[in-house]
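Please keep the sequence and the structure in view while reading.

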Amino acid sequence: MGTLILAVTALFLYSVGTALQALHFRGKVQSNLALTTLIGVLALIGHGLLIAQTVHLDGGFDFSFFKSSVLIAWLIVFLLLGLNLSKPVGSLFLGAYPLAAATIVMALITHTPSRLVPDESYGMLSHIALSITAYSLFTLAAIQAALLYFQNRQLKQNYNSLLVRNLPPLQTMESVLFELVWAGVVLLTLAIITGAMFIEDLFAQDLAHKTLFSMLSLAVFVGLLVGRYTKGWRGMTASRWTLAGCALLMMAFYGSKFVLEVLFQRGL
């Protein structure tokens, strides 16, 4: 199937999914888990086939800026669909679906030098797999933290607002947020460890910036978890720390790749 057809199909399904979630959020339609899951799975299939044609090349995987973004967006939606089966995270689709659609569009209309990792580089591929899974979890945590932040503000200003009526209780929102942060911390730690094992030269491979900001991000998330269990941090404090850690992680991955590949047009 052609790349454009797959992209249009995935974009259409993500648009339908976003519209349904928006209507549900506004109270216009009832939530339907089966329909939500079906639309998401079909969108993932189209998205995944698109990745197979654009990211997995002969001899390796192209992890350049926009193609990596398409892969991470796919994983975000995949994880969210799984979480939605047991957790009240349906509101996160309003951020995840448009994000996935945007990465597909950008991957199609832009070009950056390839960052090819050979198929036989199992150590590096394991590091990348752990990294992008951690990034995906923290992206969901960032969306959850933003919703929690605004939910807290709305509770103080307008208890009957649309946001307050449609989001789960604060305690549930905080519980989901910390579960995402815990899972992300574990995977990011493993990603840093595997990176230390399989990366040969941080400076020659242009990875010093990424490593520094990843470790700073990890320190922020660990600090948040320590604060949670020693000082009872929650609500807006938890949201701010999560968003700060995610901003550092964005600098680690997207910041360095954007400068090297988009501005300086450097590949491998």
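Helix 3 covers residues 65–84, and at 1.5 Å a residue its 20 residues should span 28 Å; the C-alpha atoms at its ends are 28 Å apart, which agrees. The model described here is predicted.

**The chain as a whole**

- The chain contains nine helices and three strands.
- Read from the N terminus, its elements follow the order α-α-β-β-α-α-β-α-α-α-α-α.
- The chain has 268 residues, of which 46% count as buried.
- Where contacts join residues at least 6 apart in sequence, 79% of them link residues at least 24 apart.

**Helix 3 with helix 4**

- The axes of helix 3 and helix 4 come within 9 Å and cross at roughly 155°.
- Because angles over 145 degrees count as roughly antiparallel, helix 3 and helix 4 are roughly antiparallel to each other.
- Their crossing is left-handed.
- On the side of helix 3, the residues in this contact are F66, S69, V70, A73, I76, V77, L80, L81 and N84; they meet F93, A96, Y97, L99, A100, T103, I104, M106 and A107 in helix 4.
- Sorted by class, this contact between helix 3 and helix 4 comprises 15 nonpolar, three polar and no charged residues.
- An α-helix has 3.6 residues a turn, so residues three or four places apart point the same way.

**Helix 1 with helix 2**

- Helix 1 and helix 2 pack with their axes 9 Å apart, at an angle of about 155°.
- That angle makes helix 1 roughly antiparallel to helix 2.
- The crossing of helix 1 and helix 2 is left-handed.
- Helix 1 contributes T3, L6, A7, A10, L13, Y14, V16, G17, L20 and Q21, which meet L35, T36, I39, L42, A43, L44, G46, H47, L49, L50, Q53 and T54 in helix 2.
- By class, the contact of helix 1 with helix 2 holds 14 nonpolar, eight polar and no charged residues.

**Helix 2 in its own right**

- Helix 2 has 22 residues and extends 31 Å from its first C-alpha to its last, close to the 32 Å expected at 1.5 Å a residue.
- Its buried residues are T36, I39, G40, A43, L44, G46, H47, L50, I51 and T54.
- The cover over the buried residues of helix 2 includes helix 1, strand 1 (56–57), helix 3 and helix 4 (93–109).

**The loop residue R26**

- R26 is located in the loop between helix 1 (3–25) and helix 2 (33–54).
- The relative accessibility of R26 is 54%, and R26 therefore counts as exposed.
- Although R26 and N166 are 140 residues apart along the chain, their C-alpha atoms are separated by 8.0 Å.

**Helix 5 with helix 7**

- Helix 5 (residues 122–157) and helix 7 (residues 170–198) have axes that come within 8 Å and cross at roughly 155°.
- This angle makes helix 5 roughly antiparallel to helix 7.
- The crossing of helix 5 and helix 7 is left-handed.
- By class, the contact of helix 5 with helix 7 has 24 nonpolar, eleven polar and one charged residues.

Notes. Residues numbered from 1 in each chain as written. Predicted model: local features only at pLDDT ≥ 70, side-chain atom pairs only at ≥ 80, totals over all residues. Heavy atoms only, no water. Helix = DSSP H or I, 4+ residues; strand = E, 2+ residues; numbered from the N terminus. Buried < 20%, exposed > 50% of the residue type's maximum accessible area, 1.4 Å probe, protein only. Axes fitted to C-alpha atoms, helices over the stretch in contact; angles between N-to-C directions. Parallel < 35°, antiparallel > 145°, perpendicular 65-115°, else oblique. Left-handed = near helix turned anticlockwise from the far one by under 90°. Contact = heavy atoms within 4.5 Å. Nonpolar A, V, L, I, M, F, W, Y, C, P; charged D, E, K, R; others polar. Expected span 1.5 Å × (residues − 1).
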